[in-house]
Amino acid sequence: MATILEGVSRTFAEFLLIPRLTRKDQKPDEVDLSTPLSAVEPNKLARFKINTPVVSAAMQSVSGSRLAIALARQGGLGFVFCSQDIASQAEMVHQVKAHKAGFVSSDSNTKTDTTLLEVIELMKRTGHSTVPVTDDGTGSGKLLGLITDQDFWVYEDDLSNTVGQHMTAIDKVIFGVEGLTLNEANRLLHKHKKNCLPILDDAGHLTSLVFKKDYEDHMRHPNELLDGSKRLCVGAAINTHDYRERVPALIEAGADALCFDSSDGFTEFQKEGIEWIRHQYGQSIVIGGGNIVSAEGFDYLVEDGGVDFVKVGMGGGSICITREQKGVGRGQASALMDVVRRRDEYLAETGRYIPICSDGGLANDTQIVIALAMGADFVMMGRYFAMTEESPTPKTSINGQMYKPYWGEGTNRAQNWQRYAEDMSTREMVFEEGVDAYVPLVGSVAEVLKTTLYKLRSTMVNVGADGLSEFRDRSILTLVSEQSVIEAGTSSVFQFSATRDIEESNWGGKS
């Protein structure tokens with residue numbers, strides 16, 4: 001007969017934290033949220049860390065280049081989805097890396113013989129009010145001038161006029177020379193009271209742009225996740241079918257971390273992929289594996305110098321129906337506690353620390369806190385980011401409320417046969433393991449993360465912890481009864497508060 005585990009499969013909603021001593025010198029703003037993403041070898045520092053313990057799920061409706069940029073600016077890491085062709089995914093990674101701490105590749109350009117009407121359409125389409133004018137109309141052509149929305153009047157000027165008749169010519173453009181530092185570029189912007197500074201090479205070709213607004217944005221977000229060349233960091237998902245071609249292209253594009261995207265990572269296919277990457281690139285490449293839900297799965301992916309981090313979770317995502325369809329999975333809290341327990345034993349045995357990513361099963365900010373208290377080093381989320389301005393799906397109005405489409409990688413809409421297809425010969429899904437839905441639009445990544453991270457820092461102060469490692473060590477969790485859940489909410493009162501409605505909407509309803 002089957003082996004029956006003792007106990008029940010538990011979720012994050014069944015636990016609460018017991019407060020510990022809060023010290024007088026503690027302040028939420030000073031709590032350290034940085035955490036390793038790569039394995040930490042004995043007596044060494046992690047090869048790669050993130051400044052915020054949050055990464056985005058590698059999903060079509062979540063992790064495009066725009067969201068990866070926004071998340072890196074907040075100190076987290078976006079994993080660009082792999083259910084697309086290799087060239088497209090590599091280009092998304094390249095777009096993130098092009099944001100070199102303020103040095104931005106120009107993706108809106110024009111020529112001197114373009115009409116004002118065409119430039120206006122370009123500005124509307126891209127949202128850019130400053131457009132470089134180059135000899136060939138590309139972002140790397142010889143710079144001839146700049147045209148902005150201040151150089152013409154839409155309702156007064158003849159829109160059939162050419163850009164050359166209205167632009168600021170190169171001899172009057174303030175520009176920087178390739179090789180100057182970002183500080184030097186910002187000083188030029190400040191000195192000449194400009195909003196945009198083109199950067200040119202010795203031959204006068206455009207290499208990048210520096211904007212005043214990006215400087216101000218950086219000052220507001222000092223936790224930006226940057227690589228050694230001051231570029232934003234980005235992760236990329238891979239699968240077990242074409243990794244021999246996909247991995248080299250992603251590394252060439254500049255991906256800082258790779259992660260196998262699979263509903264079930266406890267497979268020989270994934271182990272072979274890990275071994276191939278290690279053989280080709282050694283230990284320098286940060287690799288994540290999963291998903292798993294047991295100590296047995298942890299040992300399989302980690303042994304013999306395998307993955308740097310493991311993703312834990314199966315069937316707990318808001319649009320995932322793997323448990324319902326196949327009867328396979330585990331409550332997210334139980335799965336996480338089992339893997340964390342084995343991780344800590346492995347650390348004691350080898351001195352090697354393996355970060356754990358809790359993926360799925362998070363219904364609200366409180367459950368993010370519980371996951372980190374249980375031992376996760378960081379969390380991966382899909383719905384949370386699908387609801388933001390920066391997710392790649394279009395806004396849709398339904399009964400006066402703005403929504404965004406959100407679908408799982410296990411749906412027919414995703415056409416992610418490489419992850420879920422049962423019949424690999426036909427590349428067709430026999431059944432779906434995800435749903436297609438809508439989620440409410442809640443604002444920008446910066447706005448929603450600000451609230452979430454402040455709640456996390458405040459809770460860590462309640463436990464007397466200054467960092468995530470200390471938070472895990474000091475946390476004491478207690479199971480809650482159904483009556484405890486009722487007691488925790490409001491009762492016998494009427495509330496007239498838009499704030500509560502918004503918070504409930506953010507996570508798709510009450511938990």
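1. Let's start with asparagine 43, which is exposed, with a relative accessible area of 87%. Its place is in the loop between strand S2 (35-36) and strand S3 (49-50). The backbone deserves a look here: phi of asparagine 43 is near 60°, a positive value in a residue other than glycine. Please keep in mind throughout that this is a predicted model.

2. Lysine 193 has a positive phi of about 55°, although it is not a glycine. You will find lysine 193 in the loop between helix H4 (182-192) and strand S10 (196-200). At 74% relative accessibility, lysine 193 counts as exposed, because the cut-off for that word is over 50%. As background, most residues other than glycine have a negative phi, and most peptide bonds are trans.

3. From glycine 290 to asparagine 291 the bond is cis, with omega near 10°. Asparagine 291 belongs to strand S14 (residues 287-292). Asparagine 291 is also among the residues touched by valine 312.

4. Valine 312 itself is found in strand S15. Is valine 312 buried or exposed? Valine 312 is buried, with a relative accessible area of 0%. Besides Asn291, valine 312 touches Ile292, Gln332, Ala335, Leu336, Val339, Ile356, Cys357, Ser358 and Asp359, leaving out residues up to four places away in sequence. Valine 340 is 28 residues from valine 312 in sequence, and the C-alpha to C-alpha distance between them is 9.6 Å.

5. Now for the rings. The count comes to 7 aromatic pairs. In one of them, phenylalanine 79 and phenylalanine 309 have ring centres 6.3 Å apart and planes at 55°, so the pair is tilted. Phenylalanine 79 lies in strand S5 (residues 77-80) and phenylalanine 309 in strand S15 (residues 309-312), so the pair ties together parts that are 230 residues apart in sequence. Phenylalanine 79 is buried at 1% relative accessible area, and phenylalanine 309 is buried at 0%.

6. Phenylalanine 309 has another partner to check. With phenylalanine 378 it forms an edge-to-face aromatic pair, 5.5 Å centre to centre and with 70° between the planes. This pair also links distant parts of the chain: phenylalanine 309 is in strand S15 and phenylalanine 378 in strand S17 (residues 378-381), 69 residues apart. Both phenylalanine 309 and phenylalanine 378 are buried. Phe79, Phe309 and Phe378 form one aromatic cluster.

7. Leucine 77 is in contact with residues including Leu37, Phe48, Ile50, Val54, Leu71, Leu225, Cys233 and Ala257, leaving aside neighbours within four places in sequence.

8. The charged end of lysine 271 sits over the ring of tyrosine 300, 4.6 Å from its centre.

9. Finally, the whole chain. There are 17 helices and 21 strands, and buried residues make up 51% of the 511 residues. Among contacts between residues at least 6 apart in sequence, 65% join residues at least 24 apart. The accessible surface comes to about 24800 Å², of which 50% belongs to carbon and sulfur atoms.

Key
Residues numbered from 1 in each chain as written. Predicted model: local features only at pLDDT ≥ 70, side-chain atom pairs only at ≥ 80, totals over all residues. Heavy atoms only, no water. Helix = DSSP H or I, 4+ residues; strand = E, 2+ residues; numbered from the N terminus. Buried < 20%, exposed > 50% of the residue type's maximum accessible area, 1.4 Å probe, protein only. Contact = heavy atoms within 4.5 Å. Areas by Shrake-Rupley, 256 points an atom, 1.4 Å probe, with all protein chains shown as cover. Phe/Tyr/Trp six-rings, centres within 6.5 Å; stacked < 30°, edge-to-face > 60°. Lys NZ or Arg CZ within 6 Å of the ring centre and 35° of its normal.
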